[in-house]
Amino acid sequence: MISTTTQQTSIKGRFQPIVTLVEMAQRLVRAFALPSVVQAVVRLALAVPFWKSGILKWDGFLQLNDTAITLFTDEFMLHLPGGPYAYPAPVTMAFLSGAAEITFPILLVLGFATRFAATGLLFMTLIVELTVPDGWPIHITWAAMALSLMAWGPGKLSIDHWLAHWFGSRRAA
């Protein structure tokens, strides 16, 4: 009859390569998934879809293209109770949407006025959700990213962090 201690030792021996692999993976994650890096990645991940949408709305500096205006005039509808309803002032809405989809992503990537930009993109996400209600699986991820940036800020790899550090150091000196 084999003793319990011998059985435990042989079981541990069989799984040791897996345990070692898991421990190596944990060390790698701790080395690369630093909070400041994660926050920078979240800023970039949230900026990309809005930037891509915004860049398609312009023909030149402050010149909306016809497609953007047509979308807000004829295609996009707000799905509210009793609706859907057409967008009010569609040309103005197209301009504001296009401007925000360019400005907020730039601010996010730089990490400048990050909480403001994330709040703007959260608001835009809510409007997009009212326009395309079936897109909620994507929209909820955008909302989660925006909320995380609003709650925890841009991280150390940002202009916001540098400004807070620089102005905080000058006050203390």
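I began with F50 in this predicted model, and found that, once residues up to four places away in sequence are not counted, F50 touches E101, P105, L121, M124, T125 and W142.

I then looked up the largest nonpolar core, which holds 18 residues, and noted that F50 is among those that touch the most other members, together with L46, F104, L108, L121, M124 and L149. The elements that give two or more residues to this core are α2, α4 (90-110), α5 and α6. I also noted a second, separate core of eight residues, which includes L64, A68, F72 and I102.

Next I turned to the packing of two helices, and read that helix α2 (residues 35-55) and helix α6 (residues 136-152) meet at an angle of about 135°, with their axes 10 Å apart. The crossing in which α2 passes α6 is left-handed. From α2, I listed Q39, V42, R43, A45, L46, P49 and F50 as making the contact, and from α6, W142, M145, A146, S148, L149 and W152. Sorting the residues of this contact by kind, I found 10 nonpolar, two polar and one charged.

Last, I checked T131, which is found in helix α5 (residues 114-131). Is T131 buried or exposed? I recorded T131 as buried, because its relative accessible area is 10%, and the cut-off for buried is under 20%. Leaving aside neighbours within four places in sequence, I found T131 in contact with F76, M77, L78, H79 and Y87.

Note on methods:
Residues numbered from 1 in each chain as written. Predicted model: local features only at pLDDT ≥ 70, side-chain atom pairs only at ≥ 80, totals over all residues. Heavy atoms only, no water. Helix = DSSP H or I, 4+ residues; strand = E, 2+ residues; numbered from the N terminus. Buried < 20%, exposed > 50% of the residue type's maximum accessible area, 1.4 Å probe, protein only. Contact = heavy atoms within 4.5 Å. Axes fitted to C-alpha atoms, helices over the stretch in contact; angles between N-to-C directions. Left-handed = near helix turned anticlockwise from the far one by under 90°. Nonpolar A, V, L, I, M, F, W, Y, C, P; charged D, E, K, R; others polar. Core = buried A, V, L, I, M, F, W, Y, C linked by side-chain atoms within 4.5 Å.
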